[in-house]
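Please look over the chain below before reading on. The text then walks through it step by step.

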Amino acid sequence: MATPKQRTANQANSKQSTGPRTASLNAYKHGLTGQVVLRTPEEQAAYAALESALLRDLAPATALEHSFAARIVADTWRLERANSV
């Protein structure tokens with residue numbers, strides 16, 4: 001439990017806080033379970049190459065096939081990331 005003197009000091013310090021000053025990926029660990037996909041430019045280029053190759057091989061023709069192909073690409077990417085982690 002903080003003393004009144006500590007609470008006063010904490011409140012004074014919090015007024016000087018400006019929050020994060022730079023964009024940071026400190027919380028970005030492996031990207032396997034997040035709902036939002038974050039990729040570095042290098043990872044995005046690798047993902048695009050994988051996507052292009054798999055879509056060329058799968059050659060989806062219908063909307064359902066496109067949906068399945070997109071899932072295959074995303075899951076393949078995650079599996080390769082899991083192996084590297």
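Start with the whole chain. This is a predicted model. The chain holds three helices and zero strands. Along the sequence, the pattern reads α-α-α. Of the 85 residues in the chain, 11% are buried. Now take the contacts with a separation of 6 or more. Residues 24 or more positions apart account for 57% of these contacts.

Next, turn to one helix pair. Helix α2 covers residues 41-58, and helix α3 covers residues 63-84. How far apart are the axes of α2 and α3, and at what angle do the helices pack? The axes lie 10 Å apart, and the angle is about 135°. Angles over 145 degrees would count as roughly antiparallel, and 65 to 115 as roughly perpendicular. The pair α2 and α3 is therefore oblique. The crossing of these two helices, α2 and α3, is right-handed.

Which residues make the contact? From α2 come Glu43, Ala46, Tyr47, Leu50, Glu51, Leu54, Leu55 and Leu58. From α3 come Ala69, Ile72, Val73, Ala74, Thr76, Trp77, Glu80 and Arg81. Sorted by type, the contact of α2 with α3 has eleven nonpolar residues, one polar and four charged.

A search of the whole structure turns up one aromatic pair. Tyrosine 47 and tryptophan 77 form it, with an edge-to-face arrangement. Their ring centres are 5.4 Å apart, and the planes stand at 80°.

Are the two partners buried or exposed? The cut-off for buried is under 20% relative accessible area. Tyrosine 47 has 11% relative accessibility, so tyrosine 47 counts as buried. Tryptophan 77 has a relative accessible area of 14%, so tryptophan 77 is buried too.

Now step to the neighbouring position. Threonine 76 also belongs to helix α3. With a relative accessible area of 22%, threonine 76 is partly exposed. Which residues does threonine 76 touch, leaving aside neighbours within four places in sequence? The contacts are Leu50 and Leu54. Glutamate 51 is 25 residues from threonine 76 in sequence. In space, the C-alpha atoms of threonine 76 and glutamate 51 are 9.4 Å apart.

Finish at the connection between the helices. Alanine 59 lies in the loop between α2 and α3. What is the phi of alanine 59? Phi is near 45°, a positive value in a residue other than glycine.

Methods:
Residues are numbered from 1 along each chain as its sequence is written. This is a predicted model: local features need pLDDT of at least 70, side-chain atom pairs count only at pLDDT 80 or more; totals for chains, interfaces and linings use all residues. Side-chain values use heavy atoms; hydrogens and water are left out. Axes are lines fitted to C-alpha atoms, for helices over the stretch in contact, and angles run from 0 to 180 degrees between N-to-C directions. Helices (H or I, at least four residues) and strands (E, at least two) are DSSP runs, numbered from the N terminus. Angles under 35 degrees count as roughly parallel, over 145 as roughly antiparallel, 65 to 115 as roughly perpendicular and the rest as oblique. A crossing is left-handed if the near helix is turned anticlockwise from the far one by less than a right angle, and right-handed if clockwise. Contact means heavy atoms within 4.5 Å. Ala, Val, Leu, Ile, Met, Phe, Trp, Tyr, Cys and Pro count as nonpolar, Asp, Glu, Lys and Arg as charged, and the others, Gly among them, as polar. Rings of Phe, Tyr and Trp (its six-membered ring) pair if their centres lie within 6.5 Å; planes under 30 degrees apart count as stacked, over 60 as edge-to-face and the rest as tilted. Buried means under 20% relative accessible area, exposed over 50%, partly exposed in between (1.4 Å probe, protein chains only).
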